Amino acid sequence: MRILYDSKNPFYKDPFGPLKEEQECRVRIRIPESCRTITVEIRLENESGRELAFPLEKEAVEGPYGLWSGTFSLSEPGLFFYRFFLHTETTDFSLFKQGYDQTNMEAGEKWQLSCLPKDFHVPGFYAGKVMYQIFPDRFCRAGHVNLHGKLKPYTVHERETETPQWRPDQEGRVLNNDFFGGTLRGIEKKLPYLASLGVSVLYLNPIFKAFSNHRYDTADYKKIDEMLGTERQFRSLCRRAHEYGMRVILDGVFSHTGSNSRYFDKEKAFGGHGAYCDPDSPYRSWYEFQDYPDRYTAWWGIDTLPCVNELDESFLQFIIDGEDSVIAHWLRAGADGFRLDVADELPDAFIARLRRRMKEIDPQALLIGEVWEDASNKCSYNVRRRYFTGGELDSVMNYPFRRALIDFVTGRDGGEALRDTVMAIAENYPPEVLQTLMNFLSTHDTPRILTLLGCPNPPERKEDRAAFRLSPESRELALKRLFCAAFLQFSLPGMPCLYYGDEIGMEGFEDPFCRGFFEWETAEESPLPAFFSELSALRAAHPALWEGNVRVETNGAGVVAVARQNHRESLRAVVNASPHPATLTPTGEILFSHEAVRGAENLVLPPYGFFMESLQEERNIQ
């Protein structure tokens, strides 16, 4: 008989997930009476190796098991890992976690437990809202496209249907200096369309003056790029978005600038006053030179992206603390928050200081971090990050969910990995963060989801990937898989995020092929926008989908059920990604379905079929 403890079950650990300072936690563990246990402790170890021990008492005998329980609290924030220590009549041993919900003696993993600052809160507006990511140059062109003052050289595509430039120049460089001419007015023009999709949060890739089309090489943090528009037009966009009930999140690129920038000015486009040209420049302390001026620290060794010293006092004043700092300027202009590019490369002290300043200006401002792994226990550059235990981030980009969803709908996972991933994130993340996660299937940094779902083996040559389009058969399969993945995306905790064009079935492999211009002329032909609008409406109508807890079940053979529950309702979303029909016995009201066949007593889900119901009773997945 095994010792029974499952940290995901509130009977054994209450509350589920992280604690806050001084919050009481109750744990229970069932131990076979045959162990003849004398004492039980839960032992928690923090990052410094300091161990805390709390005793459990025998509460009852339940058949062959003794039920042991106890309470404890933690006095300071931090990341802890715990095990149980048992002293019996014959031996002493530690108990560890094994697998999804099992325990094991003297071998396995420790359970994780985060303790958060007691004053840590996430703005409530964003919980469960639908998000939409826009690559500004490629979304919509409206009004005059201003080229006056645009950093040179650049080219402008004649047709919106052209493939973004990917070939290197004669010197072997890919300059990313081809533009399609999307504008802020174009985004404002399409706000009614975005509202029809149920969008409440707009995330814009960088909009500040820069040389490249992606604008991650910032040239001037306080100036909108000329091709996109003006600050006045940005303020108008934010004002109109707010009228539609939408919030606007900007991309904050603070780990590096462009070499062709006001601050570095390698090309002398800004008068030669930057750190590269002038050793007495006011920006000189921002950068690290090994051999001035030609050898300097650059982001991933890319010499057009010189790294900054984020903790330089001059840089901190300019970005964060000054009266008209970059953060203050754009929040006061109408922005509602920032997404931090490469958060793993920003010091914890910088992120904490930035968030504190944001909340002083606007307590409802949102700060999202680009983190590709589990952000609760992430180590970067040999440092354990304190994104949550330090109260630094409101939310993160949820790459773990994306990977798990893709593996599930493409058949690489029968459902167990998806279950494990979702429940691990749910257990490790603060509840307020969990409901505000940026849940996406594509971004500007990944291949488009439809291409991934329809082409598991991309062509090796880049020119072949540039010209690639799914065959009708592959596209049909990809669409079926996308319907499944999107349904799960909208059923799980967090903010489902649509990458512009995914909602009309645009295709493309990696950058720059995932950054084509929005295909407005063909958008009306796609069945996808109506589907996403329905998902958004379903989500808006059911609070359990944006504030409820989560439980995932699977038969391990391609069928997954996601249960969401709050104090008002219980829902269940079921997906069949297996190659075989799945039969269930529903008892509740079916709220939403796709290709589900209702019989007299059973409901049959064909491959890639799914449904959501109000949950009245448990039912079996066959």
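Start by selecting Arg215 and Asp225: their side chains make a polar contact at 3.2 Å (a pair of N or O atoms within 3.5 Å, where one must be able to donate a hydrogen and the other to accept it, and residues adjacent in sequence count only if both atoms are side-chain atoms). You are looking at a predicted model, where local features need pLDDT of at least 70, side-chain atom pairs count only at pLDDT 80 or more, and totals for chains, interfaces and linings use all residues. Residues are numbered from 1 along each chain as its sequence is written, and side-chain values use heavy atoms, with hydrogens and water left out.

Stay with Arg215. Is Arg215 buried or exposed? Arg215 is buried, with a relative accessible area of 0% (buried means under 20%, exposed over 50%, partly exposed in between, with a 1.4 Å probe and protein chains only). Now show its surroundings: Arg215 touches residues including Asp137, Phe179, Pro206 and Met227, not counting residues up to four places away in sequence (contact means heavy atoms within 4.5 Å).

Next, select Ile302. This residue sits in the loop between strand S19 (295-296) and helix H4 (313-321) (DSSP runs, numbered from the N terminus: helices are H or I with at least four residues, strands E with at least two). Ile302 is partly exposed, at 35% relative accessible area.

Finally, go to residues 582-584, strand S30. S30 belongs to an open sheet of three strands, ordered S30-S33-S32 with antiparallel pairing (two strands pair if DSSP finds at least two bridges between them). S30 and S32 (597-598) stand at the edges, each with a single partner strand, so one side of each has no neighbour in the sheet. For a last stop, select Leu584, which stands opposite Leu603 in S33.
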